[in-house]
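Thanks for coming. Please have the sequence and the structure in view.

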Amino acid sequence: MLKPFKQMTIADIYSQCKDLFQNNKPSFLNLLSEYFDLESYIPLTFHRAYYSYLGRDRKYSLVSMLSALILQKILGIPIVSLLIIFLLLCREAREFCGFFDSVPDDSQFSRFKKDFVEHIKDLFENLVDITEPICQKINSQLASTLIFDTSGIEAYVAENNPKFLNALIKRLKRAYKDNPDVNLYQMAYNLMPSCASSNNEVKQLFINGHFCYVYKFTILTNALGIVRNITFLNDDFKEKHPEVEIDKKSDSPEEDKSIGDSTSLKPVLQDFLNMHPDTSLYTFIGDSIFDTYDTYPFLLNECGFEKAIIPLNPRNTNPELLKPGFDESGRPLCPKDGTPFKYAYPCRGKGRAPRDKWECPKISWVNGKRVCTCEDPCTSSPSGRMVYT
């Protein structure tokens with residue numbers, strides 16, 4: 001009796017390709033050469049711009065240059081000079097890229113990326129539309145989940161050198177040697193420039209737990225881990241979106257970071273959806289920075305997400321206070337004994353979302369002041385616990 005054949009899914013093919021990539025690089029390159037037709041994905045405008053730039057034939061084809069840069073990312077080669085050495089030593093890699101006689105030098109790769117940066121971006125945007133149906137076939141639920149975050153690329157500027165800050169602290173120590181109560185590190189941070197002296201687009205930000213000077217960008221990925229959009233929050237972005245508020249340096253580095261994240265969400269998502277209207281959206285995932293009153297109607301009503309998964313932002317809540325519970329109707333409950341809170345009145349503060357104020361059920365008014373008569377209070381405030389919803 002013949003054994004029935006098992007029909008392979010696109011997820012099985014993806015798994016096998018991943019296994020080849022990890023364990024057999026030459027076979028993976030051969031597979032990529034056979035089934036990945038890069039030329040068919042290159043926009044016509046990119047092709048015309050590349051070959052008309054010099055007004056004569058190119059020594060290295062557009063497909064070869066792009067293949068080499070793609071190979072660099074696939075193999076995790078950090079810099080172009082190492083890529084060139086790898087190409088010179090590996091015949092299979094040269095054949096994959098189409099470099100049969102020679103390999104471009106470092107300056108040729110640098111000029112290519114600088115001169116055609118906008119066309120490379122167009123190629124990436126074209127690949128987003130091409131890969132969307134493939135992602136849906138792999139796993140439609142994960143492909144329809146969009147994850148938004150911001151980060152920064154540290155630039156090679158003097159301000160990122162630890163010696164820059166150390167020299168500033170040494171000067172402050174000499175200036176305030178007779179005043180030991182001065183917080184020299186806080187003063188040094190306040191004196192640090194808001195952007196690099198060599199490039200005003202390299203901003204000082206609090207990224208990944210430390211201060212640094214970076215090119216700030218936003219990134220959108222689906223839950224398969226495939227990048228869908230990268231947007232740099234530079235001067236070009238600000239000119240395109242004059243409605244976006246410019247970040248102001250404050251005492252809190254986390255606050256500076258939160259302002260940039262929350263204000264960039266709307267224009268970045270709108271640009272992405274305008275460019276890729278056929279993208280399937282179901283779930284949005286972001287961090288607690290996006291827990292604002294205006295974010296949810298924007299995501300659910302304007303963008304068309306069915307769910308928005310965002311952790312609640314504690315803001316200025318005292319972390320030592322016990323958190324109240326809630327009953328089925330949304331009424332806060334005493335964190336000690338579960339007694340329902342009393343409704344006080346609605347709040348309509350300027351620039352704030354409409355809220356309802358609730359107060360401890362054991363609050364009474366004495367001589368025109370709130371006084372909590374609870375024997376085991378959950379707060380040290382004499383007026384008792386207040387909760388806003």
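**Salt bridges, rings and a surface patch**

Arg-228 has a relative accessibility of 3%, so it counts as buried; the term means under 20% relative accessible area, with exposed over 50% and partly exposed in between, using a 1.4 Å probe and protein chains only. Before I go on, this is a predicted model, in which local features need pLDDT of at least 70, side-chain atom pairs count only at pLDDT 80 or more, and totals for chains, interfaces and linings use all residues. Residues are numbered from 1 along each chain as its sequence is written, and side-chain values use heavy atoms, with hydrogens and water left out.

Which side chain meets Arg-228 in a salt bridge? The partner is Glu-132, at 3.3 Å from N to O. A salt bridge here is a side-chain nitrogen of Lys or Arg within 4 Å of a carboxyl oxygen of Asp or Glu. Arg-228 lies in strand E4 (residues 227-232) and Glu-132 in helix H8 (residues 117-138), so the pair ties together parts that are 96 residues apart in sequence. Helices (H or I, at least four residues) and strands (E, at least two) are DSSP runs, numbered from the N terminus. Glu-132 is also buried, at 8% relative accessibility.

By that rule the count is 6 salt bridges. Another one joins Asp-271 and Lys-240, at 3.7 Å from N to O. Asp-271 is in helix H13 (residues 253-275) and Lys-240 in helix H12 (residues 235-240), so this contact ties together parts 31 residues apart in sequence. Lys-240 is exposed, with a relative accessible area of 55%.

Then there is Lys-336 with Asp-376, where the closest N and O atoms are 3.5 Å apart. This pair links distant parts of the chain, 40 residues apart: Lys-336 is in the loop between strand E8 (332-333) and strand E9 (342-347), and Asp-376 is in the loop between strand E12 (369-372) and strand E13 (386-388). Both ends are partly exposed, Lys-336 at 42% and Asp-376 at 44%.

Now the rings. A pair of aromatic rings is described by the distance of the centres and the angle of the planes. Rings of Phe, Tyr and Trp (its six-membered ring) pair if their centres lie within 6.5 Å; planes under 30 degrees apart count as stacked, over 60 as edge-to-face and the rest as tilted. This gives 15 aromatic pairs. In one of them, Phe-284 and Phe-305 have ring centres 5.7 Å apart and planes at 70 degrees, so the pair is edge-to-face. Phe-284 lies in strand E5 (residues 283-285), and Phe-305 in the loop between helix H14 (295-302) and strand E6 (307-309), so the contact ties together parts 21 residues apart in sequence. Are these two buried or exposed? Phe-284 and Phe-305 are both buried.

Phe-46, Tyr-50, Tyr-51, Phe-112 and Phe-116 form one aromatic cluster. The charged end of Arg-58 sits over the ring of Tyr-50, 4.2 Å from its centre; the rule is NZ of Lys or CZ of Arg within 6 Å of the ring centre and within 35 degrees of the ring normal.

Last, Tyr-293. This residue lies in the loop between E5 and H14 and is exposed, at 54% relative accessibility. Tyr-293 and Pro-354 are 61 residues apart in sequence, and 9.1 Å apart in space, C-alpha to C-alpha.
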